[in-house]
Amino acid sequence: MYCKVRAQNQACKDRGRGVCGCCGALRPRYKRLVDNIFPEDSEDGLVKANMEKLTFYALSAPEKLDRIGAYLAERLSRDVARHRYGYVCIAMEALDQLLMACHCQSINLFVESFLKMVAKLLESDKAALQILGTNSFIKFANIEEDTPSYHRSYDFFVSRFSEMCHSGHDDVTDRTKIRMSGIKGLQGVVRKTINDELQVNIWEPQHMDKIVPSLLFNLQQVEDADSRSPSPLQAAEKEESPAALAEGCLRELLGRAAYGNIKNAIKPVLMHLDNHSLWEPKLFAVHCFKIIMYSVQNEVPKLDLHKSRLKWEKDLGRLIPQDDWMNLCRDSMTKIINSQHSHLVIQQLVGHLDANSKSIAKVRTGIVEVLSESAVIAAGGSVGPTVLEVFNTLLRHLRLSIDYEVTGKSESSTKISNQMITEHEERVFQEAVIKTIGAFANTLPAYQRSEVMLFIMGKVPLPAVHQALDMRKPGIISDISVLKLKVDKCSRQDTLFMKKHSQTLYRYIYMSCKEQNNSQNHYNVIYALLALISVELANEEVVVDLIRVVLALQELSMSNEDGLPVWSRCAMHALSAAYLNFISQLTTLPAFCQSVQQVIGSRQKEAPYLLPEGVVESETCIPQSMDKLEMEMLFLQSEISEVLAGSGYSSDRLGIPYIPQFTDEDRLSKRKSIGETISLQVEVESRNSPEKEEKIPAEEITYETLKKAIDSMAVEEQERERRQLVVEKFQKAPFEEIAAHCGARATILQSRLNQIFEITVRPPPSPSGNITASYGQTQPRSVPVYEMKFPDLCVY
């Protein structure tokens, strides 16, 4: 029975060998060598001895390699159709070994047969065959071919591996294996084609639109897995998960992207986030762009500095001085190597924000927050004229958001024309935009920040509808809670800034109010500045100083030492009343508010011209003079100090009247002006002096004069070199040498001082050799040094 079955199997095997039937000796040698590598039982595996013969034959006769590949492909297709998967594995193993061993010029034809067999396996619905085909393709992708291929296409493999990445197999284990195989296959395609210009361009949109979403789909699965508490076994296997493989493949893909291919790689990411509504929970979007920002490589692009300068000047509306432009170019070129690729990512995000300008606020907020996170990673990534483009785009969206908030709907959008936009969502978006502007500005050098600040000031967004309340005109607001002010704790940087520059700022405020030609607009701006400082930069010390400055303005108006007009003096009283009303409510101190309101109530009854409304609206009611004001009309420093001291404020500082302090610049300019005045007076006096009737002839420049000048320069050069040698000696010489040198010099100096002291102390000699006192007593010749009394100028 055994012999019968064996004979039947052999007959079936012979019938599959072609036209020669059972005459095996007449078959081509390469077919006989291929048939001999297959055992009778597939479980025995590849016949290694016969495989060595086949490999030697392929190396000896490379022209037969394409036929060997075609015959192996024929056998593999037949075995797949007959479900003889053991022989399929043997055929793929043989193909892998031939592929690794042969690198002749005929390898291209063999590769075509190999890729056909891999495609046959990938088309199967069996997970094992798909994985087998993927593993063979990965081995092939790691081979560096000696000859290029002009006609090879990988379109099928990109599509098929992308499908495997989205596998929905019923079995969870097989599904995970298929997805991982798909990711590895895409990685192999990228490695095989990315460095060969003659291969298919993998960066074309039709390929990127399949590869990138497939990787993001598997990367997204880790979010759900991380939301649950993983077991220790799951944590150990996390590195082998599809999400980990997808992240590694995405990093490798972006790391290999050249400067001109970044856009094609980023656009599918943006589209994937749009299609799957992944901007609103921003976690996955931020995670994706962190991977992108940290993965893009560095490459220096070609820049046209002349065009960049013209673009800068056009955006700024003025010419840039040459020195400033050179500083900008130098600083930008040092950063450009590490920033250009990341800058392209930023540019893509900004463009995508423009494309979604009519989307709901949550989507726009997600894009802006991702932009903010990316800007922090870029760390100076926005260089050149595009800095202003980024700020211009963000400011434009901020303006649109304010319009949406005021009107309650977007009039320019047909998509959401009837959709009401909630105030809260727009406020969140506006805060995100402001945060992003700060993140970008923080990456810029100091001199570039000033340019950006001027640019922002020229494009401050205003609402389309006039607001009923205006934080610029001074006025008595009964309840400032309607302004919805948000007062945060002053940051450490702001505190340090105020400690360094506050006195200069206070002095400018005080001195600007002493000008004769101040208008209403001036006091409006001063009030807005005081309120802004109180909200953004105020701590206890700043609040006390601002109150002292305002009270000093009241005292300046009362004393009128500078002869100011009556209207200006009334305006300063009104400014003091408006600010004290504001700060008393901002500090939420009832006693302080009550004290201020009492003075304001008295003014409303008897002196309305001392309040903002009276100064602006009732200029005809302003008196001719303000020689005397009742005490109840004034804010008393002693009373305010007592009230604030009871609430924990520094009473000592509150009791000191404010006096403007001169800065170093003021002292320097004053000293310079005095010097110029004195020099001018001396020059005038010298010109008008009767004693100077004749001009002093100018010094004649001769050869001797030039020689003396050159000699003096040589002497100065020698002296400078001598000083340099001394400095270098003390910097580089050993400590013992320096100590010995200084000790010797100290000994010599001490001996010289002793001689000087002896000469100074020794009295003139007498005939007897002794000094005779007035009482006839004799004294020693000299007095000890420690008993002598030297003048103060001689004592060191």
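## Two loop residues with positive phi

Thr588 sits in the loop that joins helix 24 (566-586) to helix 25 (590-606) of this predicted model. Although Thr588 is not a glycine, its phi is positive, at about 55 degrees. Most residues other than glycine have a negative phi. The relative accessibility of Thr588 is 62%, so this residue counts as exposed.

His83 is likewise a residue other than glycine with a positive phi, here near 60 degrees, and it is placed in the loop between helix 4 (65-81) and helix 5 (85-101). With a relative accessible area of 55%, His83 is exposed, because the exposed class begins over 50%.

Arg548 belongs to helix 23, which covers residues 540-559. Its relative accessible area is 11%, and Arg548 is therefore classed as buried, the limit for that class being under 20%.

When neighbours within four places in sequence are set aside, the residues in contact with Arg548 are Arg653, Ile656, Pro657 and Tyr658.

## A nonpolar surface patch

On the surface, a nonpolar patch is formed by Leu749, Leu753, Ile756 and Phe757, which together have about 340 Å² of accessible area. One of these residues, Leu753, lies in helix 31, a helix that runs over residues 735-761.

Leu753 has a relative accessible area of 34% and is therefore partly exposed, a value between the limits of 20% for buried and 50% for exposed residues.

Definitions and conventions:
Residues numbered from 1 in each chain as written. Predicted model: local features only at pLDDT ≥ 70, side-chain atom pairs only at ≥ 80, totals over all residues. Heavy atoms only, no water. Patch = residues over 30% accessible without salt bridge, like charges linked within 9 Å, V, L, I, M, F, W, Y side chains within 5 Å. Areas by Shrake-Rupley, 256 points an atom, 1.4 Å probe, with all protein chains shown as cover. Salt bridge = Lys/Arg side-chain N within 4 Å of Asp/Glu carboxyl O. Helix = DSSP H or I, 4+ residues; strand = E, 2+ residues; numbered from the N terminus. Buried < 20%, exposed > 50% of the residue type's maximum accessible area, 1.4 Å probe, protein only. Contact = heavy atoms within 4.5 Å.
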